[in-house]
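Trainee: I am new to this structure. Please take one part and walk me through it closely.

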Amino acid sequence: MNEIKSSNYYVDKNPQDNGDHEVHREDCKKLPNPASREYLGNFDCCEDAVEKAKEIFSQSIECFYCSKE
Ligand SMILES: [Zn+2]
């Protein structure tokens, strides 16, 4: 039986050079400091978190580091 572990996700309020706002899981080593991130909610996968982030920043993408796991 597969137990789905949900996590808290955050979006970086500061865009990358190309305008993307990265979405991070709470345990990501690239997680921005509290002043620079917006709490999105608790999700089972980063795709759902990115969809939520797009309501705030239309140009949101999943983080390279935490999405590859
Ligand atoms: Zn990340």
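Predicted model: local features only at pLDDT ≥ 70, side-chain atom pairs only at ≥ 80, totals over all residues.

Mentor: Contact here means heavy atoms within 4.5 Å.

Start with the overall layout. The sheet is open and has 4 strands, in the order 3-1-2-4, with mixed pairing. Strand 3 (37–43) and strand 4 (60–62) stand at the edges. Each has a single partner strand, so one side of each is left without a neighbour in the sheet. From one strand to the next, the twist averages 30°.

Now look at strand 3. Leu40 is found there. Its relative accessibility is 8%, and buried means under 20%, so Leu40 counts as buried. What does Leu40 touch, leaving out residues up to four places away in sequence? The list is Tyr9, Tyr10, Val11, Val23, Ala49, Lys52, Ala53 and Ile56. Take Val11 from that list. Leu40 and Val11 are 29 residues apart along the chain, yet their C-alpha atoms are separated by 6.8 Å.

Strand 2 (residues 21–25) pairs with strand 4 in the parallel sense, over 3 bridges. Val23 has Glu62 as its bridge partner in strand 4.

Next comes the zinc ion. Its protein donors are His24 (ND1), Cys28 (SG), Cys63 (SG) and Cys66 (SG). They lie 2.2 to 2.4 Å from the ion. Along the chain, the donors follow the spacing H-x3-C-x34-C-x2-C. Cys63 and Cys66 are both buried. Why is the arrangement tetrahedral? The 4 donor atoms subtend angles of 97 to 130° around the zinc ion, which makes it so. For four tetrahedral donors, the ideal angle is 109.5 degrees.

Terms used: Residues numbered from 1 in each chain as written. Heavy atoms only, no water. Pairing = 2+ DSSP bridges. Helix = DSSP H or I, 4+ residues; strand = E, 2+ residues; numbered from the N terminus. Axes fitted to C-alpha atoms, helices over the stretch in contact; angles between N-to-C directions. Donors = N, O, S within 2.8 Å, 3.2 Å for Na, K, Ca; no water. Tetrahedral: all angles 85-135°; square planar, octahedral: opposite > 155°, others 65-115°. Buried < 20%, exposed > 50% of the residue type's maximum accessible area, 1.4 Å probe, protein only.
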